[in-house]
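Please keep the sequence and the model open while reading.

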Amino acid sequence: MEEENKFSMVIDCVFHITGRGTVVTGRIRKGSIRLNDKLKLINGDKVIKTQCFFLEKFRKVITEAQAGEHVGIYLSGLNKSDIQKGITLTSDD
C-alpha cells in the first residue's frame, strides 16, 4: 500500500463493551479501513498488532470507512488497558 493512502487514525476515546470487546473511536486522518483489515497500534516504541473486527459510524454498522469520517472500531485481541487516547492506529502492511 502506498504511504499516502495508508490508513491512519489517532484514537480519541477507548472503552470496553461487555460481550463485544475493546472499541476505539476517532476521525480517520488518511486512507480507508475495511472489516477484517490487519492493523497496528503505535505508542512510541511499542507496536501492538490487531484486526478490525467491527466498524460503526453514528451507531450504524458499516463495512468500510474513508478519511474524514468519525468511526468506532472494535479491535480483536486487546484489553482496554492496552490502549490509550492519543496513540495512532494504522494499517499493518
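Two residues are in contact when heavy atoms of theirs lie within 4.5 Å. The model is a predicted one, in which local features need pLDDT of at least 70 and side-chain atom pairs count only at pLDDT 80 or more, while totals for chains, interfaces and linings use all residues. Residues are numbered from 1 along each chain as its sequence is written, and side-chain values use heavy atoms, with hydrogens and water left out.

A place to start is I28, which sits in strand 3 (residues 21-30). Strands here are DSSP runs of E with at least two residues, helices are runs of H or I with at least four residues, and both are numbered from the N terminus. Leaving aside neighbours within four places in sequence, I28 is in contact with F7, S8, M9, I33, A65, Q66, A67, G68, E69 and V71. I28 has a relative accessible area of 2%, so I28 is buried. For these classes, buried means under 20% relative accessible area, exposed means over 50%, and partly exposed lies in between, with a 1.4 Å probe and protein chains only.

One of the contacts of I28 is A65, and A65 belongs to strand 8 (residues 64-66). The relative accessible area of A65 is 0%, and therefore A65 is buried. Between A65 and L35, which are 30 residues apart along the chain, the C-alpha atoms are separated by 9.4 Å.

K30 is also part of strand 3. At 32% relative accessibility, K30 counts as partly exposed. In sequence K30 and N5 are 25 residues apart, and their C-alpha atoms are 6.4 Å apart in space.

Next come the aromatic rings. Rings of Phe, Tyr and Trp (its six-membered ring) pair if their centres lie within 6.5 Å; planes under 30 degrees apart count as stacked, those over 60 as edge-to-face and the rest as tilted. How many aromatic pairs does this rule give? The count is 1 aromatic pair. F54 and Y74 form the pair, which is edge-to-face, with 4.8 Å from centre to centre and 85° between the planes. The pair links distant parts of the chain, since F54 is in strand 6 (residues 46-57) and Y74 is in strand 9 (residues 70-75), 20 residues apart. Y74 is buried, with a relative accessible area of 7%.

Most residues other than glycine have a negative phi. N36, in the loop between strand 4 (32-34) and strand 5 (38-43), has a positive phi near 70°. F58, in the loop between strand 6 and strand 7 (60-62), has a positive phi near 50°. With a relative accessibility of 70%, F58 counts as exposed.

At the other end of the numbering, D93 lies in the segment after strand 10 (88-91). D93 is exposed, with a relative accessible area of 56%. The C-alpha atoms of D93 and K38 are separated by 7.9 Å, while the two residues are 55 apart along the chain.

What does the chain look like as a whole? The chain has 0 helices and 10 strands. Of the contacts in the chain with a separation of 6 or more, 59% are between residues 24 or more positions apart. Buried residues make up 38% of the 93 residues.

The radius of gyration is taken over C-alpha atoms, and the globule rule is 2.2 Å times the number of residues to the power 0.38. A compact globule of 93 residues would have a radius of gyration near 12 Å, and the chain agrees because its own value is 12 Å. Along its principal axes, the C-alpha trace spans about 35 × 35 × 20 Å.

The surface can be described by area and by charge. The chain exposes about 5,600 Å², of which carbon and sulfur atoms supply 47%; accessible areas come from the Shrake-Rupley method with a 1.4 Å probe, and for residues only the protein chains shown count as cover. Lys and Arg count as positive and Asp and Glu as negative, with His and the chain ends not counted. Each charge is placed at NZ of Lys, CZ of Arg, CG of Asp or CD of Glu. The mean positions of the 15 positive and 12 negative charges are 6 Å apart.
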